[in-house]
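Subject: Handover of a structure

Dear colleague,

Please find the structure below, together with its sequence. My notes on it follow.

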Amino acid sequence: QVQLVETGGGSVQAGESLTLSCGASGRTWNVMLMRWFRQSPGREREFVAQIPYRGSETRYVDSVKGRFTIYKDNAKNTFYLQMNNLQPEDTAIYYCNMQERQTSIEYWGQGTQVTVSA
């Protein structure tokens, strides 16, 4: 029903910024939440940020508060993660996610690599 594609990853030095995009296609009328996760090899996938499809109440993992901003453009079916002051600990594959209302069905993108060097 929903297909997600992440773009915007890359390699940067500590202190620099990147903005990730997650474009959605298909039927998104039942989407409740848009979320970003990240995962490094050998580590558990970690929640990063979320924003509701309707409304703008955001939530972030403590380690990115004040540095990352999640925002959306529903007209474009696109969500974003602006990442400022990136640190090596932010190195991971970043995945976007949509969760549906009622059914709790989730959709995932294939991920985009973010690499931050000291």
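In which strand is the place of Asn97? Asn97 belongs to strand 9, residues 92–100; strands here are DSSP runs of E with at least two residues, numbered from the N terminus. Before I continue, please note that this is a predicted model, in which local features need pLDDT of at least 70 and side-chain atom pairs count only at pLDDT 80 or more, while totals for chains, interfaces and linings use all residues. Residues are numbered from 1 along each chain as its sequence is written, and side-chain values use heavy atoms, with hydrogens and water left out.

**Asn97**

Asn97 has a relative accessible area of 0% and is therefore buried (buried means under 20% relative accessible area, exposed over 50%, and partly exposed in between, with a 1.4 Å probe and protein chains only). Its side chain makes a polar contact of 3.2 Å with the side chain of Glu106. A polar contact is a pair of N or O atoms within 3.5 Å; within protein, one must be able to donate a hydrogen and the other to accept it, and residues adjacent in sequence count only if both atoms are side-chain atoms. When neighbours within four places in sequence are left aside, the residues in contact with Asn97 include Leu4, Met34, Phe37 and Trp108, contact being heavy atoms within 4.5 Å.

**The disulfide**

The structure holds one disulfide, that is, a pair of cysteine sulfur atoms within 2.5 Å. Cys22 and Cys96 form this link, with an S to S distance of 2.0 Å. The link is right-handed, with 60 degrees about the S-S bond. Distant parts of the chain are joined in this way, since Cys22 is in strand 3 and Cys96 in strand 9, 74 residues apart. Cys22 is buried at a relative accessible area of 0%, and Cys96 is likewise buried at 0%.

Four strands make up an open sheet in the order 1-3-8-7, with antiparallel pairing; two strands pair if DSSP finds at least two bridges between them. Strand 1 (2–7) and strand 7 (68–73) are at the edges, each with a single partner strand, so one side of each has no neighbour in the sheet. On average, neighbouring strands of this sheet are turned by 15 degrees against each other, direction ignored (axes are lines fitted to C-alpha atoms, and angles run from 0 to 180 degrees between N-to-C directions).

Strand 1 is joined to strand 3 by six bridges, and Val5 stands opposite Gly23 in strand 3. Six bridges also pair strand 3 with strand 8, where Ser21 faces Tyr80. Strand 7 pairs with strand 8 (residues 78–83) over six bridges, and Tyr71 stands opposite Tyr80.

**The nonpolar core**

The largest nonpolar core has 30 residues, and Trp36, Leu81, Met83 and Tyr94 have the most contacts inside it. Such a core is a set of buried Ala, Val, Leu, Ile, Met, Phe, Trp, Tyr and Cys residues joined through side-chain atoms within 4.5 Å. The strands that each supply at least two residues of this core include strand 4 (31–39), strand 5 (46–52) and strand 11 (112–117).

**Two loop residues**

Asn77 lies in the loop between strand 7 and strand 8 and, although not a glycine, has a positive phi of about 55 degrees. Asn77 is buried, at 18%. Ser104, in the loop between strand 9 and strand 10 (106–108), has a positive phi of about 60 degrees and is not a glycine either. Ser104 counts as partly exposed, at 43% relative accessibility.

With kind regards
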